[in-house]
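Hi everyone, thanks for coming. Let me put the model up on the screen, and then I'll walk you through a few of its features.

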Amino acid sequence: MTCKYFGLCASCTLYDKNYDEQLNYKIQREKNRFSNLTALDFDIIKSSSKNFRNRAEFRVWWEKDENNEKSDKDILSYAMNDFNKEILKIDSCEIVSEDIKKLMPKLLTELEKSMILSFRLFAIEFLVSSTSDMLVTLIYHKKLEDEWINLAREIEQKLNIKIIGRSRKQKIVLSSDFINESLNINSQEFKFAYEENGFTQPNTSVNIKMIEWVLNNIEKSNKDLCELYCGGGNFTIPLSKKFNKVLATEISKTSIKSALRNCALNNIENIDFIRMSSEEFVEALNEVRAFNRLKNIDLKSYDFDTIFMDPPRSGLDDTTRALAKNFTNIIYISCNPETLHRDLEELLKTHKIVRFALFDQFAYSEHIECGVILEKNANTI
């Protein structure tokens, strides 16, 4: 991939390497990081080399039309930070999906036609599905009035997109606040509704391969799965096909709402979602505290043999690490190799690594995600 903003835009920090070079750089870095913990060969999940992001956010830079002193029209540009954290105006982005890339200039052209639409527009967020269902959030530093709604609705219909307007203490949904996604995972279709402002994996192709990697490296079990940090059910729903029952926890109300909707979309009935932190779940499991949120959940009815964890960048807390050691199998998806390494040093006191993968979700950046499957050592069962 080539981009005219390589070396200028701070989004792509590995701009001086082609795709394979930047990936090999990250692979070698992680092999060195984890060399004291495993000698296994890593499974490598590659990204497309361009147009791989289905979610993106850009600042908006606006200025007066200097070529026409009588005009009150604003000239809009997308903007990112440069390496000095200064504003860099851009007119394209090579890492976003083709649908987002094509929409970007068309949308600005429509917004520039009205001061009501363009004035004090601060940022634009894009979220698109593999079926081209597009949700656009326009973020303002002003109150949005009825006239804005009428004009934005015209753009929504003209460009065949869904628009949300946001300002301080305002959220205006013109038609819908989610997109419909369909993922083909191991030749089986799974349906998802991705909500605006909810967490979604940014690289659809790699996300599918991540889920398939997990499914293809575990056995079907007649026991139950415990999942922590389940989000909107991205892994939970496909994994439910491998287990008798699933109990999944998540602290975010928005994510739990999405997970329940996604469960219904796929006609899955063997998952219970509960809104609580991993620390609270450990307290409930150990009967330290009673939670009203669990009044309809019989924790003692579960026969867990596997725990799945996809924590935030901070990794696992001490309580959750201790809990994980009680399971025969651990599946750990990590967005931060540093905290994963720390957590594995503790988990390897009771378990061994049987599979290790690197997922290149964010090509041309320093970031890479990891997947680890662990089994309990025979002498600790």
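Let's begin on the inside: the largest cavity here has a volume of about 30 Å³. Please keep in mind that this is a predicted model. With a cut-off of 30 Å³ or more, the count comes to 1 cavity.

Which residues line the largest cavity? They are Asn 54, Glu 181, Leu 183, Tyr 194, Gln 201, Asn 203, Thr 204 and Asn 207. Sorted by class, that lining has 2 nonpolar, 5 polar and 1 charged residues. Two elements, β9 (178-185) and α5 (204-216), each supply at least two residues of this lining.

Now for the sheet. If you trace it across, you'll find 8 strands in the order β1-β16-β17-β15-β14-β11-β12-β13. The sheet is open, and its pairing is mixed. At the edges stand β1 (43-45) and β13 (271-275); each has a single partner strand, so one side of each is left without a neighbour in the sheet. From one strand to the next, the twist averages 15°.

Let's zoom in on one pair. Strands β11 (residues 224-228) and β12 (residues 246-250) run parallel and are joined by 3 bridges. Here you can find Cys 226 standing opposite Leu 247 in β12.

Finally, the helices on this part of the sheet. Helix α7 (residues 253-265) lies across β12 and β13, and runs at about 165° to β13. Helix α8 (residues 278-285) lies across β11, β12, β13 and β14 (304-309), running at about 140° to β11.

That's my tour, and I'm happy to go back to any of these views.

Definitions and conventions:
Residues numbered from 1 in each chain as written. Predicted model: local features only at pLDDT ≥ 70, side-chain atom pairs only at ≥ 80, totals over all residues. Heavy atoms only, no water. 1 Å grid on protein atoms, 1.4 Å probe; cavity = no way out; pocket = protein on both sides within 12 Å on 5 of 7 lines; lining within 4 Å. Points joined across faces, edges and corners; volume = space filled by probe spheres on them. Helix = DSSP H or I, 4+ residues; strand = E, 2+ residues; numbered from the N terminus. Nonpolar A, V, L, I, M, F, W, Y, C, P; charged D, E, K, R; others polar. Pairing = 2+ DSSP bridges. Axes fitted to C-alpha atoms, helices over the stretch in contact; angles between N-to-C directions. Contact = heavy atoms within 4.5 Å.
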